[in-house]
Amino acid sequence: MAAQVHLYDTTLRDGMQGEGMSLSAGEKLRVVHALDELGVALIEAGFPSSNPKEEELFRLLAGETLEQAEIAAFGMTRRRDAAAADDPALALLADCFAPVCTLVGKTWRLHLEKVTRVDPEENLRMIADTVAFLCTNGKRVIYDAEHFFDGYRDDDAYALGCLRAALDAGAENVTLCDTNGSSLPDEVAEATARVVDELGALGQIGIHAHDDAGCGVANSLAAVAAGAHLVQGTVNGYGERCGNANLVSILPNLQLKRGFDCVPAERIGRLTETSHLVDEICNVTPGPNAPYVGKNAFAHKGGLHVAGVVSDARTFEHVDPAAVGNDRTLLISELSGRGTVQARAKRTGVALESAGASRVVDEVKRLEHEGYQFEAADGSFDLLIRKETGDYEPLFRLESFRVIVEKHEDGKVGTEATIKIWVEGQRYVRTAEGNGPVHALDRALRDAIGQTYPHLRDIELVNFKVRILDERKGTGAVTRVLLDASDGTDTWGTIGVSENVIEASWEALVDSLEAGMLPARAEHRRARVPERTGK
Ligand SMILES: [Zn+2]
């Protein structure tokens, strides 16, 4: 059996330090599920603090069932001169549902002297105490040795002493952090080999690299070659400064090229889809040149290359694109396969024969060319399948809508929307105000059809993302709108694309309500009703 390397994702904590990164609790939950489906072993959710956003995330996570992944909560070693048991932040960690706690602590004397002014001996006690406290409370502990490689270059005996303190106190893993991203692969290899040699019998060794020197992935691989069995990183290498080590590159390198078991073999084909989905959730355009998952990663231009690839792909391709869910054609999508479409249809309760699935695939390709992306728009995709099978019934027929934005002398901006629609043979004309065009349209539309479909009241718009696509269109840019809607249990994404931002928003808005009214979701909601009405 192949040796195991555990992937530890820190997108939701360290990755969120990157510029412009901010996710709601609901979006974080979608990332967790995507990583779980990929087969990642550990997902760090952040610090279970009492701030409302973190509290909501941990509350949501506590109620989720994951197939594969375990959740890790993140915290720090106790304060100096105070027992771990008296530290309120550690009490939160001990009380939270997560089975694994990751603790970050110092290992570099320079930091102790210049930054925290903690006595080196007290630092060792802080590490041991905190680890022991959490172990006593039934947690499995990972110790993240901050600035380990800098500390090791400065005073190797002390840096190793910090690791030993954590392992002796019961930590199951010590992870060597290249917090500044300053190290090079040969340094990482040498230091990791020494740690494995001296402490490997006491616990597992991990690596947490950053990409400041462009070596985040290389350093992670070097550490694994030297005996590390856990790799921390983020999806697509998100993170502060130059980013964290990119798990999307590390995974296929370890699994396909080095034969390690990181995720179940049948899951690695989800890599491209997962990478793009997380990009879409974070409102980042997927990098076309990203290794393994970029749309150019296997796109061959030169005539000689193309001929070579056609006769034998090995002549110009380092791995089979299908192994990571990518494609050598220009259009890539998780949906490029009929099998995927059929699986999705089945999940939403629709029988789709293979000719129908092929038509959906063709339609997806056509829409992608116009600027649609269905990775994060599962709600719109469900509707697309139903349009193909004839199971689709529009909620209403639009006669017209109009939006007025009025700016006043005092600087205030007002928005008003009027819609005229037909529902079951009845004409409704409704006007509503809102704090923006989409809000006003949403209110007017719900007012008009809420009478006929009271379930719509449970559905809320939770996110609105706009991106301007300037690709390949000579005439003016195209706007893509992604909406997330939620009924408190499920969250689904929908998409609209148009040269006009209001039209794109309208399309996504209508999809979000129609997708929310699909039988599978509506039944799910009905099943919850008694529980919700009971006080
Ligand atoms: Zn970090």
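How many nonpolar, polar and charged residues does the lining of the largest cavity have, by class? In this predicted model, local features require pLDDT of at least 70 and side-chain atom pairs pLDDT 80 or more, while totals for chains, interfaces and linings use all residues. Residues are numbered from 1 along each chain as its sequence is written, and side-chain values use heavy atoms, without hydrogens and water.

The lining of the largest cavity comprises nine nonpolar, two polar and no charged residues (nonpolar: Ala, Val, Leu, Ile, Met, Phe, Trp, Tyr, Cys and Pro; charged: Asp, Glu, Lys and Arg; polar: the others, Gly among them). Two cavities of 30 Å³ or more are present, a cavity being a set of points on a 1 Å grid over the protein atoms alone where a 1.4 Å probe fits but cannot get out, with lining residues having an atom within 4 Å of a point. The volume of the largest is about 80 Å³, taken as the space filled by probe spheres set on the points, which are joined across faces, edges and corners. Its lining includes L7, V40 and V235; α1 (25-38), α10 (247-257) and α11 (271-281) each contribute at least two residues.

An open antiparallel sheet has the strand order β9-β10-β11, where strands (E, at least two residues) and helices (H or I, at least four) are DSSP runs numbered from the N terminus, and pairing requires at least two DSSP bridges. Ten bridges join β9 to β10 (residues 413-423), and R402 stands opposite T418 in β10. Helix α16 (residues 437-449) lies across β9, β10 and β11, at about 35° to β10; angles run from 0 to 180 degrees between N-to-C directions, with axes fitted to C-alpha atoms, for helices over the stretch in contact (heavy atoms within 4.5 Å).

Terms used: On a 1 Å grid over the protein atoms alone, a cavity is a set of points where a 1.4 Å probe fits but cannot get out, and a pocket is an open set with protein on both sides within 12 Å along at least five of seven lines; lining residues have an atom within 4 Å of a point.
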